Amino acid sequence: MEIYDVEKIRCDFPSLQREVHGRSLVYLDNAATSQTPEKVWHGIEEMYLEHKANVHRGVHTLSQEATDCQEATRRRVREYINAASEREIIFTRGATEAINLVASSFGDRFRDGDEIILTVMEHHANIVPWQLLQRHRDIKLRVVDINDRGELDMEQYRSLFTERTVMAAFAHVSNVLGTVNPVEEMIRIAHSHGVPVLVDGCQASPHMRLDMQALDCDFYTFSAHKMYGPTGIGVLYGKERWLEEMPPYQGGGEMIGHVSFEGTTYAELPFKFEAGTPDFVGIAAFSDALDYIDSIGLERMAAHEADLLRYTTARLTAEIPGIRIFGTAPHKSAVISFLIGDEHPYDVGMLLDTQGIAVRTGHHCAQPLMERLGIPGTVRASFAAYNTRREADLLIEALKRIASMLG
Ligand code: PLP
C-alpha cells in the first residue's frame, strides 16, 4: 500500500505554509473549520471565471453550465453518502440551516405535549432550533446524560422514549468530547418506537465513511467547510418519504411550481427546499473537496488522525502536570479538549497563539455540556489529515512552557 505522505498533502494547502507571530502556523482548529486545498479554490475560481450565471433559470449556455455543475455535485454527494436518490440531497448554507429546516418544517406536525430526545453533548445548532418550536407549542425536550468518559448513557436513552416521543436528534460525533456515538444502535432503538431520527454529522463527515441506506436515519446533516470544502454550503439528507410530506421551509426562487395570488404550488424535490439563488459556486466546488478526499482516501486520513490522537493524548497525559482531558471514550475522533490546572482556557489559547498554534477555546457552542462538566470552557485541539506528529510535539512543548509559566 502507498505510504501516507503527509508532507505531500500539506503542499496542497498553501495556507499551512504561512507564519503567525513569526512562527510556522500549527493549525489545530479543524473541528471548527478545515483549511482548503488548492483544488477547491481553483474550482471556485473556475466557476467565477467561466460559469457564473444563475442556475435553473436560463436557456443560455453559461446558465446551463452552472446548473450542470451544481447538479453534478448533487449526484456526487448522493454517491458519496450512498443516499437512495438525488431527491434526498438538499443544499443549505450549513448544518445549522439544515437542522433549522427540519425543526421548522418537520416540526410543523408536532403538537402540545410532544417530546424530543436530545443529548447533553449537542452543539447549540441541535438544541436551539428545537427550542424555537416551543414559542408556539408546549414541546418537551428530554436530554440524555453522559458518563465520566463522555459516553452517552444508553440505558437512560432507552428509557426516555414514551408514546409522546416524536423525534430523536443527536450528534454522530461530539465536537467537544470527540465521542463517536453508537448511532446505528440509537437509530434502531428510536425506530423500534416508531420515532424518526436526525443525526448531526458535522464532526463525523470529515472522518468517516457515511452510508445513509445502511444507517437508515431519517435526516443527516453536515457542512462542507469542515470537509476541506468551501464555506456557506451544507447538506441535508432526508428520506424522500418525509421530504415529500414536509412543507417548504422558505419561499421564493426555484422552490415554486406555479405562483398566483390565489395560491402557490411547490417544486419537486429537492428544489422545494432550495428557495432563492443557491451558492452554486460553492456547491460546485464542494465536489472538488469530495474528489480531494477520495484521492487520498478517507480511511487513510482517518487512520493518520487516529495515530495523532493516540500519540498526543499519551504525551499530554504523561508530560503536562495538572492536565484534565474531557472525553476519554475508547471510540473517539481526533478532538482533544482539555484544561490545565485552574488556568482559564482563553489564557492558554492566547499564549498558544503567540507561538503560532491555533486551537479553539471556550464553550464550543455546547454550553449545556460545559454546565454538565462544571467548567467554563476548554482548550480544544483537533486534527485533520494534514497535521503531523511534529505539530503535536510543538503543541506539547508549548503547553509545557505555558504550564510552568502560569505555575
Ligand atoms: N453541529 C456540530 C457537532 C458542529 O461541530 C457544528 C460546528 O462546529 C455545527 C453543528 C454547526 O455547523 P455550521 O456552523 O457549519 O452550520
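Reader: Which residue in S17 is the bridge partner of Phe 338?

Author: The model is predicted. Strand S14 covers residues 335-340 and strand S17 residues 378-382; the two run antiparallel and are joined by four bridges. Within this pairing, the partner of Phe 338 in S17 is Val 379.

Reader: Which strands stand at the edges of the sheet, and why is one side of each left without a neighbour?

Author: The sheet is open, with four strands in the order S13-S14-S17-S16 and antiparallel pairing. Each edge strand has a single partner strand, so one side of it has no neighbour in the sheet. The edge strands are S13 (323-326) and S16 (360-362).

Reader: What is the average twist from one strand to the next?

Author: The strands follow the order S13-S14-S17-S16. From one strand to the next along this order, the twist averages 30°.

Reader: At about what angle to S16 does helix H12 run?

Author: Helix H12 spans residues 345-354 and lies across S14, S16 and S17. Its angle to S16 is about 160°.

Reader: How many charged residues are in the lining of the largest cavity?

Author: Two cavities of 30 Å³ or more are found in the whole structure, and the largest holds about 60 Å³ of space. Its lining includes Arg 57, Glu 254 and Glu 274. Alongside three nonpolar and four polar residues, the number of charged residues is three.

Reader: How many nonpolar residues are in the lining of the second largest cavity?

Author: This cavity has a volume of about 50 Å³. Among the residues that line it are Pro 206, Tyr 228 and Phe 383. Besides four polar residues and one charged, the nonpolar residues number five.

Conventions: Residues numbered from 1 in each chain as written. Predicted model: local features only at pLDDT ≥ 70, side-chain atom pairs only at ≥ 80, totals over all residues. Heavy atoms only, no water. Pairing = 2+ DSSP bridges. Axes fitted to C-alpha atoms, helices over the stretch in contact; angles between N-to-C directions. Contact = heavy atoms within 4.5 Å. 1 Å grid on protein atoms, 1.4 Å probe; cavity = no way out; pocket = protein on both sides within 12 Å on 5 of 7 lines; lining within 4 Å. Points joined across faces, edges and corners; volume = space filled by probe spheres on them. Nonpolar A, V, L, I, M, F, W, Y, C, P; charged D, E, K, R; others polar.
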